[in-house]
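Please open the model in a viewer and keep the selection panel at hand. The stops below are given in the order in which they may be selected.

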Amino acid sequence: MSEPMSGLIHLTDAEFLELTRFVKQKYGIDLSKKRVLIEGRLSNLLRERGLTTFQDYLKLIKNDSSGAEVTGLLNRITTNHSYFMREQEHFSFLQKQVLPYLCRVHARDHDLRIWSAGCSAGQEAYTIAMAIDDYFGPEKSKWDTTILATDISMKVLDKARRAVYSADNLSGLPKVWQDKYLTKQPDGQYQVCEKLRREVVFKPFNLMETFSFRKPFDLIFCRNVMIYFDNPTRDKLVKQFYDVTAPGGYLFIGHSEVINRDITNYQFLEPAIYQKREK
């Protein structure tokens with residue numbers, strides 16, 4: 001039986017359980033307390049697909065080998081809200097503590113391995129690139145500081161690659177960085193300069209997958225991503241991050257997130273900043 005076109009399409013208990021289990025198992029996102037949000041944000045999506053029940057929608061998701069449908073689902077139920085210089089003290093710590101230390105560690109190979117995990121539309125990765133470029137100055141050309149930036153949403157990755165942002169996204173950036181690293185577009189928006197766009201490689205990646213990287217990372221940013229995960233999923237993810245962090249490397253998380261210090265081997269440094277002890 002169809003719902004009125006102007007109303008919500010409601011989940012049955014069985015549909016809610018099936019949908020939340022599917023998303024949790026595949027993407028680690030805990031939606032067990034988000035029933036109203038799911039109905040509110042997905043009802044129009046179902047109508048766009050010509051569907052009247054969530055059971056039909058679940059079938060569509062599971063039969064879609066391209067992954068486009070589940071990406072659409074995740075785009076609707078997660079908030080890809082980000083901006084430049086978010087949690088500014090992280091970038092101050094990066095320039096004052098992390099980069100001087102990593103420069104000593106990599107004095108010979110000049111190779112820094114950096115990962116922005118759950119990068120959303122790219123503001124975090126580009127802010128990291130700005131902080132690094134500002135720190136090294138004329139010496140930057142001697143270093144490989146390519147940043148790997150990953151997300152499960154192709155939609156936000158496409159936006160990140162375009163690197164075009166509205167002015168209100170830039171309010172946290174120092175004026176000198178705005179002038180140096182961004183170019184105003186005819187429509188009033190701003191694009192990150194080509195030099196920094198070349199510094200960041202954007203790729204789709206699901207954090208629930210097994211990590212397999214050629215070399216460990218010196219610096220991992222995973223901020224305001226784990227708020228969607230329950231404790232066991234978060235603990236497992238932090239363990240995976242630890243395993244791919246180089247000795248002496250760092251993990252930055254969001255200030256609204258916590259790591260269980262009783263079970264992690266990371267050393268707590270400051271709120272939302274952790275380090276893997278050197279061998």
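Select Phe-93 and Phe-252: both are buried, that is, under 20% relative accessible area with a 1.4 Å probe and protein chains only (over 50% is exposed, and in between is partly exposed). The model is a predicted one, in which local features need pLDDT of at least 70 and side-chain atom pairs count only at pLDDT 80 or more, while totals for chains, interfaces and linings use all residues. Residues are numbered from 1 along each chain as its sequence is written, and side-chain values use heavy atoms, with hydrogens and water left out.

Phe-93 and Tyr-250 form an edge-to-face aromatic pair, with 6.5 Å centre to centre and 75° between the planes. Rings of Phe, Tyr and Trp (its six-membered ring) pair if their centres lie within 6.5 Å; planes under 30 degrees apart count as stacked, over 60 as edge-to-face and the rest as tilted. Because Phe-93 belongs to helix H5 (residues 88–105) and Tyr-250 to strand S8, this pair ties together parts 157 residues apart in sequence. Helices (H or I, at least four residues) and strands (E, at least two) are DSSP runs, numbered from the N terminus.

The ring centres of Phe-93 and Phe-252 are 6.3 Å apart and their planes are at 65°, so this pair is edge-to-face. The structure holds 24 aromatic pairs.

Which residues have the most contacts inside the largest nonpolar core? Select Leu-42, Tyr-57, Leu-73, Trp-115, Leu-207 and Phe-241, in a core of 45 residues. Such a core is a set of buried Ala, Val, Leu, Ile, Met, Phe, Trp, Tyr and Cys residues joined through side-chain atoms within 4.5 Å. H1 gives the most to this core, with five residues. Centre the view on Leu-73, which touches Leu-19, Val-23, Leu-42, Leu-45, Tyr-57 and Ile-61 (heavy atoms within 4.5 Å), not counting residues up to four places away in sequence.

Finally, turn to the second largest pocket, which holds about 230 Å³ of space. Among its 14 lining residues, Tyr-27, Gly-67, Val-70, Thr-71 and Ile-152 are the closest to its centre. On a 1 Å grid over the protein atoms alone, where a 1.4 Å probe fits, a pocket is an open set of points with protein on both sides within 12 Å along at least five of seven lines; lining residues have an atom within 4 Å of a point. The volume is the space filled by probe spheres set on the points, which are joined across faces, edges and corners. H4 gives the most to this lining, with three residues.
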